[in-house]
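Please look at the model before reading on.

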Amino acid sequence: MGENPISIHVLGICSALAITTKIDTAVVMTIAVVAVLSISNVVISLLRNNIPNKVRIIIQMSVIASLVIIADQVLKAYMYDMSKLLGVFLGLIITNCIVLGRADGFAMNNNVKDSFVDGFANSLGYGIILVLVAIFREFLGSGTIYGITIFPESLYANGYIDNGLMLLAPGAFIVLGLIIWVQRTATGFVEE
């Protein structure tokens, strides 16, 4: 958690803001990012000695794009409604600076095993933040956790209204900002 791509480097927050209104979408996006980043790091590491420097980014993006297309097709085949919910944000994994950065910055310079571990760990850290943001947004915005109503019906009958702000982008910024603040305070993070 000390080098989390979202909370320390503030990278890849587009999907953190867009798909975290429900936990299930955050979990599926996490699985997709873990698969794409782990496998792409392995493939890039395997090919690293054969990739000319002038076209390395194009090769890396081609590998990543192919894996994202496979992930999207798997989702469309087995979880069509989820595929529709994630929509364009699944495709944005291709341009996610975390995915491309790990391929270029780590997998191009390291062996397959280390590249897999790096990809898995970074994407899991990314996913943990996505799920944490989703837990708070779904709970505070809809009064549910993983689709299960938490507050009793009597509370709603007495005038309780869910906090709709949490379902909008500003709610995501607020939750993400609080998570970043808590983590940086707990780890003693200081900007260099």
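A crossing of two helices is called left-handed if the near helix is turned anticlockwise from the far one by less than a right angle, and right-handed if clockwise. The model is predicted: local features need pLDDT of at least 70, side-chain atom pairs count only at pLDDT 80 or more, and totals for chains, interfaces and linings use all residues. Residues are numbered from 1 along each chain as its sequence is written, and side-chain values use heavy atoms, with hydrogens and water left out.

The protein chain has nine helices and two strands; these are DSSP runs numbered from the N terminus, with helices being H or I of at least four residues and strands E of at least two. Of its 192 residues, 41% count as buried, that is, under 20% relative accessible area with a 1.4 Å probe, protein chains only.

The crossing of α2 and α6 is right-handed. Their axes, which are lines fitted to C-alpha atoms over the stretch in contact, come within 9 Å and cross at roughly 25°. The two helices are therefore roughly parallel to each other, a label for angles under 35 degrees between N-to-C directions, on a scale from 0 to 180 degrees. Contact means heavy atoms within 4.5 Å, and these residues make it:

| Helix | Residues in the contact |
|---|---|
| α2 (residues 23–47) | V36, L37, S40, N41, I44 |
| α6 (residues 97–105) | I98, V99, R102, A103 |

Helix α9 (residues 169–187) has 19 residues. Its buried residues include V175, L176, I179 and I180. Just after α9, G188 takes a positive phi of about 70°.

Key: Angles under 35 degrees count as roughly parallel, over 145 as roughly antiparallel, 65 to 115 as roughly perpendicular and the rest as oblique. The expected span of a helix is 1.5 Å times one less than its number of residues. Buried means under 20% relative accessible area, exposed over 50%, partly exposed in between (1.4 Å probe, protein chains only).
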